[in-house]
Every structure is written in structure tokens, then in C-alpha cells.
Amino acid sequence: MSAFHEDKTGPVKNFFERKRRLLVVLADVLVTAGAYLCAHLIRFDGEIPTKELSFVRVALPALVAIRLAAFAGFGLYRGVWTYAIIRDLVAVIKAVSTGSVAFAVVLLLMGFRGHSRAILVIDWLLVVLLVGGIRLSIRLLRGGFRFRPAGSRPVLILGAGAAGAGVV
């Protein structure tokens with residue numbers, strides 16, 4: 001491959017990688033906001049009281065900012081799961097947990113002591129399921145389901161990355 005060819009494909013590849021990352025961040029924003037609203041709907045049986053709704057308007061931007069910072073801190077935006085493994089799911093759980101605890105601390109510091117703990121637990125569960133599900137779906141859509149044909153033997157290729165996946 002010539003240097004000329006690399007120069008042309010590098011910026012294009014970077015452009016699409018940035019766009020893909022931006023879409024994942026946008027999905028995380030929507031999941032965070034949606035899960036928090038759904039947690040309120042679940043907690044209040046489908047009808048959020050006016051007082052709680054005004055609280056949501058104040059708290060939601062802080063929650064989104066805190067969660068995105070936690071996701072970035074735990075490396076959820078470094079790559080989009082081409083090779084999803086348990087370690088990646090653990091990173092999602094740690095990031096969501098850290099973001100939830102930080103949000104609870106911010107609520108306490110802001111003086112919101114009457115916030116339902118059930119909402120925080122429901123929100124945590126929804127976000128773990130949705131964020132993990134989105135990333136696992138990306139993995140499945142990119143790599144598809146790979147079934148081993150009958151009679152084949154498993155192979156382990158260490159340190160080969162995408163090239164090793166292509167060989168198998």
C-alpha cells in the first residue's frame with residue numbers, strides 16, 4: 001500500500017469513526033434521559049407528580065453530564081465493540097454504577113434529600129441493560145452470529161486483532 005493511498009483513506013476512516021462515536025454518545029444521552037424518565041414512570045405508576053417533574057427538569061442535565069463523564073472515564077468511547085467480551089460488560093456496569101453514585105452524591109450536595117432511592121435503582125438497572133444491549137447489538141450486527149460447523153475444532157489466535165478474526 002502506498003503512502004498516497006494511506007493519506008486518502010486515513011481522513012475518511014477517521015471521519016466515519018468520529019461519526020460512529022458521536023452516534024454512540026447520542027445513543028447514551030437518549031438512553032440516560034429515557035431510563036431516568038422511565039424509572040419515574042415505573043415508580044409513580046405511569047403518572048409523574050408535578051413536583052417530581054419539575055425536579056426531573058433540573059436534575060436530568062446533571063445526570064446526563066455525569067454519566068457521559070463516567071462512560072468516557074471507563075473507556076466506553078474508545079472503541080465500538082467489535083469484539084465484545086465480559087470485560088467490556090464489566091466496564092459498562094462500573095461506569096453506570098460510578099455515574100449513579102456520583103449523581104446521588106450531587107443530589108445530596110444540592111439539597112435534594114427526598115429523592116426516591118427506588119428511582120435510582122430502577123434507573124441503574126435500565127441503563128445497564130440498555131447501554132450494554134446497544135453495545136452488544138453493535139457487536140452482533142458487525143460480526144454476526146458465528147456458529148462452529150459440526151466436526152470443526154476451536155482455534156485460539158493470540159494478538160492478531162482484526163487480521164486474526166479474518167483468518168478464522
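A residue counts as exposed when its relative accessible area is over 50%, and as buried when that area is under 20%. Asp 45, with a relative accessible area of 73%, is therefore exposed. The model discussed here is predicted.

**Overall fold**

The protein chain contains five helices and zero strands. Read from the N terminus, the order of elements is α-α-α-α-α. Of the 168 residues in the protein chain, 28% are buried. Among contacts with a separation of 6 or more, 77% join residues 24 or more positions apart. The accessible surface of the chain is about 11200 Å², and carbon and sulfur atoms contribute 68% of that surface.

**Backbone outside the helices**

Asp 45 sits in the loop between α1 and α2, the latter covering residues 50-73. Asp 45 is not a glycine, yet its phi is positive, at about 55 degrees. A positive phi also occurs at Gly 111, which follows α3 and has a value near 90 degrees.

**Helix α3**

Helix α3 covers residues 86-109. Buried residues in α3 include Ala 91, Val 92, Ala 95 and Val 96. Gly 99, Ser 100, Phe 103 and Leu 107 of α3 are buried too.

**Aromatic pairs**

A pair of aromatic rings is described by the distance of the centres and the angle of the planes. There are two aromatic pairs in the structure, and their geometry is listed below.

| Pair | Centre to centre | Angle between planes | Arrangement |
|---|---|---|---|
| Tyr 36 and Phe 103 | 5.7 Å | 90 degrees | edge-to-face |
| Phe 71 and Tyr 77 | 6.5 Å | 65 degrees | edge-to-face |

Planes over 60 degrees apart count as edge-to-face. In the pair of Tyr 36 and Phe 103, the planes are 90 degrees apart. Tyr 36 belongs to helix α1 (residues 3-43) and Phe 103 to helix α3, so this pair ties together parts that are 67 residues apart in sequence. Tyr 36 is buried, its relative accessible area being 0%. Phe 103 is buried as well, with a relative accessible area of 2%.

The pair of Phe 71 and Tyr 77 has an angle of 65 degrees between the planes. Phe 71 is buried at a relative accessible area of 0%. For Tyr 77 the relative accessibility is 13%, so this residue also counts as buried.

**The salt bridge and Asp 123**

Side chains of opposite charge can pair when their charged atoms come close. The structure holds one salt bridge. Its partners are Arg 67 and Asp 123, whose closest N and O atoms are 2.5 Å apart. Because Arg 67 lies in helix α2 and Asp 123 in helix α4, the pair ties together parts that are 56 residues apart in sequence. Both partners, Arg 67 and Asp 123, are buried.

Helix α4, where Asp 123 is found, covers residues 117-143. Asp 123 has 2% relative accessibility and so counts as buried. What does Asp 123 touch, leaving aside its neighbours within four places in sequence? The residues in contact with Asp 123 are Thr 32, Ala 35, Tyr 36, Ala 39, Leu 63, Arg 67 and Ser 100. One of these, Tyr 36, is also a member of an aromatic pair with Phe 103, and another, Ser 100, is among the buried residues of α3.

**Val 131**

Val 131 is another residue of helix α4. Its relative accessible area is 0%, so Val 131 is buried. Apart from neighbours within four places in sequence, Val 131 is in contact with Asp 28, Val 31, Phe 71 and Val 92. Of these partners, Phe 71 takes part in the aromatic pair with Tyr 77, while Val 92 is a buried residue of α3.

**A nonpolar patch**

Leu 23, Leu 26 and Leu 30 make a nonpolar surface patch of about 320 Å². Leu 23 lies in helix α1. With a relative accessible area of 57%, Leu 23 is exposed.

Definitions and conventions: Residues numbered from 1 in each chain as written. Predicted model: local features only at pLDDT ≥ 70, side-chain atom pairs only at ≥ 80, totals over all residues. Heavy atoms only, no water. Phe/Tyr/Trp six-rings, centres within 6.5 Å; stacked < 30°, edge-to-face > 60°. Helix = DSSP H or I, 4+ residues; strand = E, 2+ residues; numbered from the N terminus. Buried < 20%, exposed > 50% of the residue type's maximum accessible area, 1.4 Å probe, protein only. Contact = heavy atoms within 4.5 Å. Areas by Shrake-Rupley, 256 points an atom, 1.4 Å probe, with all protein chains shown as cover. Patch = residues over 30% accessible without salt bridge, like charges linked within 9 Å, V, L, I, M, F, W, Y side chains within 5 Å. Salt bridge = Lys/Arg side-chain N within 4 Å of Asp/Glu carboxyl O.
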